[in-house]
Amino acid sequence: LDALPDPVVLVDAEDRIHAVSQAVVEVFGVDAEELVGAALAERLIEFPGREAYHACLGRAADDVDSREEPALLAAVRADGTEVPVALTIRAVRDSALFAVTLRHAKAARADAIDDRRRTLRTILDALPEAVVAVDPQGRVLFRNRASVGGRSRSDATQRALPDAEWR
């Protein structure tokens, strides 16, 4: 659990904390021993998000194979400051516990954008037609495989297109 980079809390279906990762202690400034046995919603979730959290936990308990999109909620540190988090809940195999990940929303959003970029690149690279994206100054931002024409993609990117290539 402590090897995980994101804050992870193991809870049961009644929301009682069984264990927390070291990242929970570091990010939220809490004592791990004090959290064990407490309700996660009361200790780490800001009041307006508790209902949404309980709904996510209920759905995870009803369907252990559930793979919902992260819920964006406000978590709260020990000092009372809020942290925007992308909360996911997954059932722990062969256990009555659930892993609740409280990933900082900014990091989760950046990963989602990266995933979308990879998906778009894969789709565009699969096209037989050349696709080139340029900025207003004519610098190439992206080229798919069909547009490279024998050059490496890195050589063909980040340079301005000569007027001859626009015709």
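The model is a prediction in which local features require pLDDT of at least 70 and side-chain atom pairs count only at pLDDT 80 or more, whereas totals for chains, interfaces and linings use all residues. Residues are numbered from 1 along each chain as its sequence is written, and side-chain values use heavy atoms, with hydrogens and water left out.

The average pLDDT (the predictor's confidence in each residue, from 0 to 100) of the protein chain is 84, and 84% of the residues score at least 70. In residues 163-167 the pLDDT is below 50, and this stretch has six contacts in the model beyond near neighbours in sequence; a contact means heavy atoms within 4.5 Å. Where pLDDT is low, the predicted coordinates should not be read in detail.

The protein chain contains eight helices and seven strands. These elements are DSSP runs numbered from the N terminus, with helices being H or I of at least four residues and strands being E of at least two. Of the 167 residues, 35% are buried, where buried means under 20% relative accessible area, exposed over 50%, and partly exposed in between (1.4 Å probe, protein chains only). The accessible surface of the chain is about 10200 Å², and carbon and sulfur atoms contribute 52% of that area; areas come from the Shrake-Rupley method with a 1.4 Å probe, and for residues only the protein chains shown count as cover. Among contacts with a separation of 6 or more, 33% link residues 24 or more positions apart.

An open sheet is formed by five strands in the order β2-β1-β5-β4-β3, with antiparallel pairing. Because β2 and β3 are the edge strands, each with a single partner strand, one side of each has no neighbour in the sheet. Two strands pair if DSSP finds at least two bridges between them. Antiparallel β4 and β5 are joined by seven bridges, and Ala91 lies opposite Phe98 in β5. Helix α4 packs on the sheet, where it touches β1, β3, β4 and β5, and its direction makes about 15° with that of β4. Axes are lines fitted to C-alpha atoms, for helices over the stretch in contact, and angles run from 0 to 180 degrees between N-to-C directions.

Antiparallel β1 and β2 are joined by three bridges, with Val11 opposite Ile17 in β2. The hairpin of these strands has four residues between them, and Asp15 there takes a positive phi near 75°. Asp15 is buried, at 2% relative accessibility. A positive phi is also found at Asp94, near 55° and likewise in a residue other than glycine. Asp94 is in the loop between β4 and β5 and is exposed, with a relative accessible area of 85%.

Not counting residues up to four places away in sequence, Tyr53 touches Val11, Asp15, Leu40, Ala41, Ile45, Leu73, Leu87, Ile89 and Val100.
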